[in-house]
Amino acid sequence: MDPASTKRTAAFQNGVHIVLSLEINVDAHVRGYVGEQVKLKCIFKSTSSVTDKLTIDWTYRPPSSSRTESIFHYQSFQYPTTAGTFRDRISWVGDVYKGDASISINNPTIKDNGTFSCAVKNPPDVHHNIPMTELIVTERGFGTMLSSVALLSILVFIPSTVVVVLLLVRMARKSVGLKKRSKSGYKKSSIEVSDDTDQEEEDNCMARLCVRCAECLDSDYEETY
């Protein structure tokens, strides 16, 4: 996201030379996803200490429109809008004593796309330009979902593959040993028979573990889609 900011520069208002005493930094572009909370950052620096006179105002302007809508006001307390499309969806996530005037939008939709502005006044520091944040809300694409499935597959598939390989190697060694003993007419002792039984139980356990891993992978894949 590209940062945009107002800097302490000179400006003229009604023919009077004014020095901007507030510096505000926002993100020029913010991307959000439908239904996922998105944060609109606004960081300010003032030459004066924060008092109860400090005010913060967030406004919204739809795309291709000059109409602006007040969506949040702060002065000692938070006053999110109680009307319009952002009703009950604006949350205060800032801290004025840390120079943070950020808000968040809950359950954003594509209709929320547009330009947001953050204005801060901390008397006597009241003069500043107002930086803009362009919000773009989209649906999460197939590529994002595929990435999540791929990561899950790696976490489940690799361990199960290692177990299968180890099981196959052990079974191959056991098969080779049995063939050699068969050719030489070797007869197992009672202890070796017991060891073979334990080995078979261990192999069966590993096989069941592999099957379980595969079932988990199939289940997670189906839930994702």
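This is a predicted model: local features need pLDDT of at least 70, side-chain atom pairs count only at pLDDT 80 or more; totals for chains, interfaces and linings use all residues.

Biologist: How do the strands pair around strand 14?

Modeller: Strand 5 (residues 29-33) pairs with strand 14 in the parallel sense over five bridges, and Tyr 33 has Thr 138 as its bridge partner. Strand 13 is joined to strand 14 by four bridges and runs antiparallel to it; here Phe 116 has Thr 133 as its partner.

Biologist: Which residues of strand 14 are on the covered face, and which on the uncovered one?

Modeller: In strand 14 (residues 132-138), Thr 133, Leu 135 and Val 137 form the covered face, whereas Met 132, Glu 134, Ile 136 and Thr 138 form the uncovered one. In a regular strand, side chains alternate between the two faces of the sheet.

Biologist: And how many bridges link strand 8 and strand 9?

Modeller: Five, in the antiparallel sense, with strand 9 spanning residues 69-75. Tyr 60 has Glu 69 in strand 9 as its bridge partner.

Biologist: What order does the sheet of three strands have?

Modeller: That open sheet has the order 6-12-11 with antiparallel pairing. Strand 6 (38-40) and strand 11 (90-92) are at its edges, each with a single partner strand, so one side of each lacks a neighbour in the sheet. The twist averages 30° from one strand to the next. Strand 6 and strand 12 (residues 103-105) are joined by three bridges, and Val 38 stands opposite Ile 105.

Biologist: Changing topic, how many disulfides does a search of the whole structure find?

Modeller: One, counting a pair of cysteine sulfur atoms within 2.5 Å. Cys 42 is joined to Cys 118, with S to S at 2.1 Å. The link is left-handed, with -75° about the S-S bond. Cys 42 lies in strand 7 (residues 42-46) and Cys 118 in strand 13 (residues 114-121), 76 residues apart.

Biologist: Is Cys 42 buried or exposed, and what of Cys 118?

Modeller: Cys 42 is buried at a relative accessible area of 0%, and Cys 118 is buried at 1%. Buried means under 20% relative accessible area, exposed over 50%, and partly exposed in between, with a 1.4 Å probe and protein chains only.

Biologist: What does Ser 117 touch?

Modeller: Contact means heavy atoms within 4.5 Å. Leaving out residues up to four places away in sequence, Ser 117 touches Asp 57, Trp 58, Thr 59, Ile 130, Pro 131 and Met 132. Its side chain makes a polar contact of 2.4 Å with that of Thr 59. A polar contact is a pair of N or O atoms within 3.5 Å; within protein, one must be able to donate a hydrogen and the other to accept it, and residues adjacent in sequence count only if both atoms are side-chain atoms. Ser 117 counts as buried, at 9% relative accessibility.

Biologist: Where is Lys 53, and is it buried or exposed?

Modeller: Lys 53 is in the loop between strand 7 and strand 8 (55-61) and counts as exposed, at 54% relative accessibility. The C-alpha atoms of Lys 53 and Pro 123 are separated by 6.6 Å, although the two are 70 residues apart along the chain.

Biologist: Finally, which residues have the most contacts inside the largest nonpolar core?

Modeller: They are Ile 56, Trp 58, Ile 71, Phe 116 and Val 120, in a core of 26 residues. A nonpolar core is a set of buried Ala, Val, Leu, Ile, Met, Phe, Trp, Tyr and Cys residues joined through side-chain atoms within 4.5 Å.

Methods:
Residues are numbered from 1 along each chain as its sequence is written. Side-chain values use heavy atoms; hydrogens and water are left out. Two strands pair if DSSP finds at least two bridges between them. Helices (H or I, at least four residues) and strands (E, at least two) are DSSP runs, numbered from the N terminus. Axes are lines fitted to C-alpha atoms, for helices over the stretch in contact, and angles run from 0 to 180 degrees between N-to-C directions.
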